[in-house]
Amino acid sequence: MGLEKRPSAQAGTVTVVFRVPPEAAATSAALLGEFSDWSPVAMDSSADGGYEAAVDLRSGSTYRFRYLLDGERWVNDWAADGYVANDYGSDDSVVDLTAVAPAPAKKAATRAAPKAAKATKRPAKKAAAPRKKSSAPND
């Protein structure tokens with residue numbers, strides 16, 4: 001089955017669909033991960049008897065996550081991009097979005113350019129002003 005990754009409507013993000021298959025035999029499922037500060041994200045029942053949740057995540061990043069089934073059973077995603085040891089003696093699943101490009105956003109790109117130009121000009125002005133003030137009294 002695997003994690004489904006697709007460009008989202010929000011600039012710079014990717015929609016990831018997390019799925020718990022029906023073979024997990026759960027009566028409820030929650031998604032917890034770094035992207036939610038490990039707070040539960042409710043998962044909806046799917047037509048096949050499993051559970052799923054779609055979450056918009058920042059592209060270019062990796063995130064740890066796990067599923068909590070029936071409020072007591074922690075499981076990893078069987079189709080995760082990887083696994084990393086956690087502080088509790090088990091592993092966390094990993095979703096890797098470093099190679100997934102978000103949908104292009106023309107408006108976001110146009111807004112970013114003027115901000116970058118302003119940011120470049122501001123430090124130059126601030127740096128120049130103190131030099132003039134400090135050099136004049138010492139002459």
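**Strands and the contacts between them**

Mentor: Thr 13 counts as buried, at 9% relative accessibility (buried is under 20% relative accessible area, exposed over 50%, partly exposed in between, with a 1.4 Å probe and protein chains only). This is a predicted model, in which local features need pLDDT of at least 70 and side-chain atom pairs count only at pLDDT 80 or more, while totals for chains, interfaces and linings use all residues. Residues are numbered from 1 along each chain as its sequence is written, and side-chain values use heavy atoms, leaving out hydrogens and water.

Thr 13 belongs to strand β2, residues 13–20 (strands are DSSP runs of E, at least two residues, numbered from the N terminus). Its side chain reaches the backbone oxygen of Gln 10 at 2.7 Å, a polar contact (N or O atoms within 3.5 Å, one able to donate a hydrogen and the other to accept it; residues adjacent in sequence count only if both atoms are side-chain atoms).

Strand β2 is part of an open, antiparallel sheet of four strands, ordered β1-β2-β6-β5 (two strands pair if DSSP finds at least two bridges between them). Its edge strands, β1 (4–7) and β5 (44–45), each pair on one side only. β5 is joined to antiparallel β6 (residues 51–58) by two bridges, and Ser 45 stands opposite Tyr 51 in β6.

The whole structure holds six salt bridges (a side-chain nitrogen of Lys or Arg within 4 Å of a carboxyl oxygen of Asp or Glu). One of them pairs Lys 5 with Asp 81, N to O at 2.6 Å. Lys 5 is in strand β1 and Asp 81 in the loop between β8 (73–75) and β9 (82–85), so this pair ties together parts 76 residues apart in sequence. Both partners are partly exposed, Lys 5 at 28% and Asp 81 at 40%.

Arg 64 lies in strand β7 (residues 62–69) and Asp 92 in strand β10 (residues 91–96), so parts 28 residues apart in sequence are tied together. Arg 64 is partly exposed at 25%, whereas Asp 92 is buried at 5%. Elsewhere, salt bridges with shared partners join Glu 4, Arg 6, Arg 19 and Glu 52 into one network.
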